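Here is a short briefing on selected local features. Keep the sequence and the 3D view open while you read.

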Amino acid sequence: MAISESTREQLQQLAARYPRPRSGLMPMLHLVQSLEGEVTPEGITACADAAGVSAAEATAVASFYTMYKRRQVGQHHIGVCVNTMCGLLGGDAVYEALSERLGVGHDAPTDDGQFWLERIECQAACTHAPVMTVDWEYMDDVTPAAAVEIVDRLERGETVLSTRGPAIRDFRATEQTLAYPEDGLAAEGTPVDDKMLVGLRIAKEGGMAAPGVPAPSAPTGQEG
Amino acid sequence: MTVTNNAPSGPSPDVAGAGTDVEVAVDLITVVVDGVEMRVPKGTLAIRAAEQLGIEVPRFCDHPLLDPVAACRACLIEVEGMPKPQPACAQVLSDGMEVRTQYSSEVARVAQEGVMEFLLLNHPLDCPVCDKGGECPLQNQAMSVGRPESRFTGAKREFEKPINVSAQVLLDRERCVSCARCTRFAEQIAGDPMIELLERGAKQQVGTAADEPFDSYFSGNTVQICPVGALTSASYRFRSRPFDLVSVPTACEHCASGCSLRTDYRRGVVTRRLAWDDPDVNEEWNCDKGRFAFAYLNQGRIESPMIREHGSLRVASWPEAIDAAARGLATARGSVGVLVGGRSTVEDAYAYSRFARTALATDHIDFRARQGSAEEAAFLSSKVAGAPVSAAYDDLESAPAVLLVSLEPEDESPIVFLRLRKAARAGTQVLSVGATATRSLGKMSGRLVSARPGDEANALRSLDDETRALLGQPGAVILVGERIAGSVGAASAVLELARETGAALAWVPRRSGERGALDAGALAGLLPGGRPLTDEQARRDVAAAWGVEAADLPSEPGLIGADLLEAARDGRLSALVVGGVELADFADPGLAVAAVENADFVVSLENHHSAVTELADVVLPVAVVTEKSGTFVNWEGRPRPFGQVFRDALTMSDARVLAMVAEAMGSSLPADVASIRKEMGALGPWTGARTPAPDTAPGASADGVVIASWRQLLDSGLMQEGEPHLAATARPTVAIVSASMAAALGETVTISGPAGSVTLPVVTGDVLDRVVWVPTNSPGCHIHADLGAVPGTPVQLSAGGAA
Amino acid sequence: MPLTPVITEHWDDPELFTISGYRRHGGYRALESALTRDPDALISLVKDSGLRGRGGAGFPTGLKWSFVPQNDGKPHYLVVNADESEPGACKDIPIMLANPHALVEGVIITSYAIRAKHAFIYIRGEVPEAIRRVANAVREAREAGYLGTDIRGTGFDLDVVVHAGAGAYICGEETALLDSLEGFRGQPRLKPPFPAVAGLYASPTVINNVETICNIPYIVDRGVDWFRQFGTEKSPGFKVFAVSGHVNRPGIYEAPLGITMRELLDYAGGMRDGHQVKFWLPGGSSVPMLTADHLDIPMTYEDMAAAGTMLGTGTPMIFDETVSVVKAVTRWLEFYKHESCGKCTPCREGTYWITGTLEKFEHGHGTEQEVETLVELCGQIMGRSFCALGDAAATPYPAALKYFRDEFVAATTTSADDQFDPVASYVFAGAVAR
């Protein structure tokens, strides 16, 4: 797919977001990935041009970060955390179930190009282990059966809600968000869930609170 | 003169702000290395201080000319007061600091051994078939720091091998230790970041973009500085073992940058050439032409003398050929023109100069086998010939501003480019008078001073105040290229500008032999050492040195340039002596061919078959650079003497052959390099009045679309023949025009000149409107022959290849 | 020790992520106050508070700010390290999901203090929800006049850019983060120069962790004395602890520094029924593990150091006796190998070697000699790599060996799965044992 003039303009705008254009390289690569479903050599060259670097320099960056893929990812990116916490708490079984369901191994697309399966690293959600991601949106506390069902529903085109985020769109849409974070979805879903509130609720139930501002300072504490 | 007298080992002391002659105040600090107290300049790195004591700390990523990265960790040392071992390559010493290397610190020794074990982990054990084996820093340091046996029993990393990072440079990734020397060289030194570290972690590897090879003019340096056998050149790969080679220090014959080289040979054949460490000139770098273009030495050589008989050449014995040449030239004595090639050694050029004035009794001599003007000759005679160094590499580095006039250093003097880039990175403002702001100018952070081809003189005379002020700063330099000859009034304007601003002025010819030939007097009106032919005293000096009567020397300046060629063509000169000249190099190749054709008698001194040998009456084969010793004088005026690589070569230098001809004519010439150097030294440089400077009114650019052009470093040059891998890294032959012109033209353009047309792909560039840039002599575009054009020639453009 | 919700106090308000919700709970009052003060006074205030960086290293925040040269004529930058990627660390992401305006308010105050006109929030790319929540907060703050030019009529200008990463743990290392933000490969830089002097674009730069920055509004609003009521002399303040693993109620618990793991474990409902603590890590995979013998050590920077480990990110991971420590350590090393940037030899090659050997152990192969060799190899990385990633990679194995040598020796003949049925450690029912 050729890079269009409007894409080139967008790349220039991303460059202009920063004091120096090269800083825009990462969002630029997210943008071309959102448009092409992967980071192609043409996409890299277009980013390089906008960032004012050589194609080799942009290639060096694109190949350093694991989220940039150099094969078609397909409609949905499916990640399963298999780092120690998630993996040992069941992520390994989730991954195996998905691998069997999708007929594909690590970091590869399914034959029909619908899904990409990847053993991913820690998602900063160990409290919600085992964690799976669909298009990088959280699907917390999954089981093998739940994970397979998510894939089934995605395949049937049904709406799947992230456990802490909006309804699943697709891989390209998430990549678009990474280039343009203001995607209008901040109010969607329930990003603050029970596990994030567990301590607060225990504190409230137990009448525990942070101490107030000690005298003689004026009571300017942020009120509740 | 500059060759043997006052041989400048550094810059001229009369240049402000520069100089090894001047004691520079340096802050010294006291440090202790392995218990030895020493004083070093503030800012010295621990690894350099250790070197001064003869202590070699292991290292791979460290390179004195590259910014430290401290990546390989091979050089870990103990620093007093620091809890962890520190990399010596990045440890800046401070006053009182105490450091201990592996020789006095167990911490350092153990740390280094650990790193060495890790480095060898994934390194293949293919030393017996690796080109680096025998001269490999990893191999050597593994022997001194490594374990005898590996504890690693796992599988080593594997890669498909090798991959081409360019047509010339190959990469065996499994050998790479990720030291990043090559990538740092490409980015920092050459300004060509076309190779990069790709991927990450254990998969990290050097590579290029998918569709952009590492076609840097300086790519070969990465092969040389690779501390393992990861990078190899197509031309040397699997050709030889380092310990089977004989190495000889040499000087590069390709251009006037003046690189010191090392030539390695085996069984009478050059196997490779490397950049030699010469901090004053090329530092540790050279260009790919100097490194890889040497196949010509062995190809297409003329094996024996030849004489024309019944219209065709036949092999002759040396005595027969010398006799034939002497007889023919004696007949034409006084009416002979001498054309000297631009890559003659100064000794050979001197021989031509003396041979012309004595044996031939002629002053019709010119070394400029290219476009050359009388104004340029006057400029060179008045300002450059035999003159002391006006600017040197170090001066470029310290200059606040450098103005380039008709000079594209990356193509025309690559080491000048590298030094200007280094200077620019440190703050030097580079300015270029020309019609196109090239990518190369960008690498020097340079600014274009716009001038249409032909309008250079006007541009120089109407520089804005800001630019003038830049050049008025102490240490500012103006560099003038060979193409100034093609712009009327430009040389005069440059002289004026230098006078006004006080900027140092240096001439940067493209070819290695031009400065030496100028100094040797291989130009009409000019005797050796910058002596005006018309000056009585000068002629008396020279006559005395040559053992002739002053009255016997020509006293009227002879013909030069096109005048000389026209005279031969029209029969006003009856003979020509041509040494190492390619007729296609002249601005009007047709005129040059006609001159040689029409001359009654032509003697050609050549090492390769050429257009001249095709037409000559006597062909005398001469030595190539590896078969003789001699000296090139680089643009600085710095002698670059070199010795004979193949000592048993049977070929003779131009000077020796000319001496034989002279003897047969009853004249005499010194035949060997030592005698010539002695004679030139005795003569010394001229201190009297110089020939007058030119004062030519500014020319004007032609109307319509005009040609801008220069020779690319890698092009159709004959000395690049026989090295297809190098040729494949040359820049594509394209026509570069402004965006608006490109929009009107489309993908290809047909350019029509007086002699014909060429059709080339169109590339958009930062070029003035109504100017089309094309290479002078590249495959598919030889502007002299194909178009009948030189820079400034008006041409017709038509779109889309429709002629 | 009681729980003390401060940053988390209003997380149960679903509108907290909006500017109106945040302001309803007193949000941006600290900023209004800060803008009336002298920037240097704010630096002193934070210095006096004793706040230490919550990203793992625990460097005093105010001191870091004070290193920025003032009146140097160069632009200054604030960069928020929101690249939370350390295995076990899961507290910055929840903060950004629940209370993004606390981060934005902290960013504005901090930028004002260090005289930065540009701030960047570098959020790991794998968590788009955090990115959109923070970007939304930045937009709202801009619309409310807290960002832009001449903020609240003070003449102070600030632009905040939310920057998405793309998958590289190393970018949590602050100089690698800077290179990444400049559009390079995220590899760490040589120090000196330090970022406070030559950071982003070679200009003075402060890099702070999300939670650290979120402390700032509260310190500014409530004062040093209030802040120092929490924690200890050397570890003042409160901490968002994220407790994960085989506990009954994994999740977020905010408490003063100095709370013990046993107390946190109690709040978290104890270990799952019928199981005991086998080993735990106070704050991420990069800190040495501890055992049930260490549950009563106060969770402070100094006490954890004294116990031979580190507080790290303050996000304890607790594993019960069903877990194979060989497998746990192998996964961590696989992570470090995957995330090693490749720049330096010890980390790049060392993680390759160690991981390969551990994978052999996991599958029941290897020799006792190799159990010892791995200790040496970790020693060949520790303190010799370019950055702390190498040190981190060299940490888990020796720490685990200290308590579980027998398990590693056994692994040279018996696979981890044969020693420990993996299904037993799953947290869901219904999985079938092999």
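A charge counts as sitting over a ring if NZ of Lys or CZ of Arg is within 6 Å of the ring centre and within 35 degrees of the ring normal. The model is predicted.

**Charges and aromatic rings**

- Chain A has a charge over a ring as well: the charged end of Arg119(A) sits over Tyr95(A), 5.1 Å from the ring centre.
- Over all chains, a search of the whole structure finds 32 aromatic pairs.
- One of them is Phe64(A) with Tyr65(A), whose ring centres are 5.0 Å apart. Their planes stand at 75°, so this pair is edge-to-face. Both Phe64(A) and Tyr65(A) are buried.
- Phe227(C) and Phe238(C) also pair edge-to-face, with 5.5 Å from centre to centre and 75° between the planes.
- Phe227(C) belongs to helix H10 (residues 210-228) of chain C, and Phe238(C) to strand E6 (residues 238-245) of chain C, so their pairing ties together parts 11 residues apart in sequence. Phe227(C) and Phe238(C) are both buried.
- One aromatic cluster in chain C is formed by Phe279(C), Phe319(C), Trp332(C), Tyr403(C) and Phe404(C).

**Helices of chain A**

- Helix H5 (residues 84-102) and helix H6 (residues 144-155) of chain A have axes that come within 8 Å and cross at roughly 35°. The crossing of H5(A) and H6(A) is right-handed.
- On the H5(A) side, the contact is made by Ala93(A), Val94(A), Ala97(A), Leu98(A), Arg101(A) and Leu102(A). On the H6(A) side, it is made by Pro144(A), Ala147(A), Val148(A), Val151(A), Asp152(A) and Glu155(A).
- By class, this contact has nine nonpolar, no polar and three charged residues.
- Helix H7 (residues 171-179) of chain A is largely enclosed by the rest of the structure, because seven of its nine residues are buried.
- Among the buried residues of H7(A) are Phe171(A), Thr174(A), Glu175(A) and Leu178(A).
- The cover over the buried residues of H7(A) comes from two chains. It includes helix H1 (5-16) and strand E1 (76-81) of chain A, together with helix H7 (128-143) and strand E4 (156-164) of chain C.

**Backbone features in loops**

- The peptide bond from Ala129(A) to Pro130(A) is cis, with omega near -5°. Pro130(A) sits in the loop between strand E3 (115-120) and strand E4 (132-134) of chain A.
- The loop between E3 and E4 of chain A also holds Ala124(A). Ala124(A) has a positive phi, near 55°, although it is not glycine. Ala124(A) has a relative accessible area of 1%, so it is buried.
- Pro192(C) and Pro193(C) are joined by a cis peptide bond with omega about 0°. Pro193(C) lies in the loop between helix H8 (174-181) and helix H9 (195-198) of chain C.
- Arg267(B) is another residue other than glycine with positive phi, near 50°. The loop between strand E12 (260-266) and strand E13 (269-275) of chain B holds Arg267(B). Its relative accessible area is 72%, so Arg267(B) is exposed.

**Leu313(B)**

- Leu313(B) is in strand E15 (residues 312-315) of chain B. At 28% relative accessibility, Leu313(B) is partly exposed.
- Leu313(B) and Thr613(B) are 300 residues apart in sequence, and 8.9 Å apart in space from C-alpha to C-alpha.
- Beyond its neighbours within four places in sequence, Leu313(B) contacts residues including Met306(B), Arg308(B), Thr613(B), Ala616(B) and Val619(B).

Note on methods
Residues are numbered from 1 along each chain as its sequence is written. Chains are lettered from A and ligands numbered from 1 in the order in which they are written. This is a predicted model: local features need pLDDT of at least 70, side-chain atom pairs count only at pLDDT 80 or more; totals for chains, interfaces and linings use all residues. Side-chain values use heavy atoms; hydrogens and water are left out. Axes are lines fitted to C-alpha atoms, for helices over the stretch in contact, and angles run from 0 to 180 degrees between N-to-C directions. Helices (H or I, at least four residues) and strands (E, at least two) are DSSP runs, numbered from the N terminus. A crossing is left-handed if the near helix is turned anticlockwise from the far one by less than a right angle, and right-handed if clockwise. Contact means heavy atoms within 4.5 Å. Ala, Val, Leu, Ile, Met, Phe, Trp, Tyr, Cys and Pro count as nonpolar, Asp, Glu, Lys and Arg as charged, and the others, Gly among them, as polar. Buried means under 20% relative accessible area, exposed over 50%, partly exposed in between (1.4 Å probe, protein chains only). Rings of Phe, Tyr and Trp (its six-membered ring) pair if their centres lie within 6.5 Å; planes under 30 degrees apart count as stacked, over 60 as edge-to-face and the rest as tilted.
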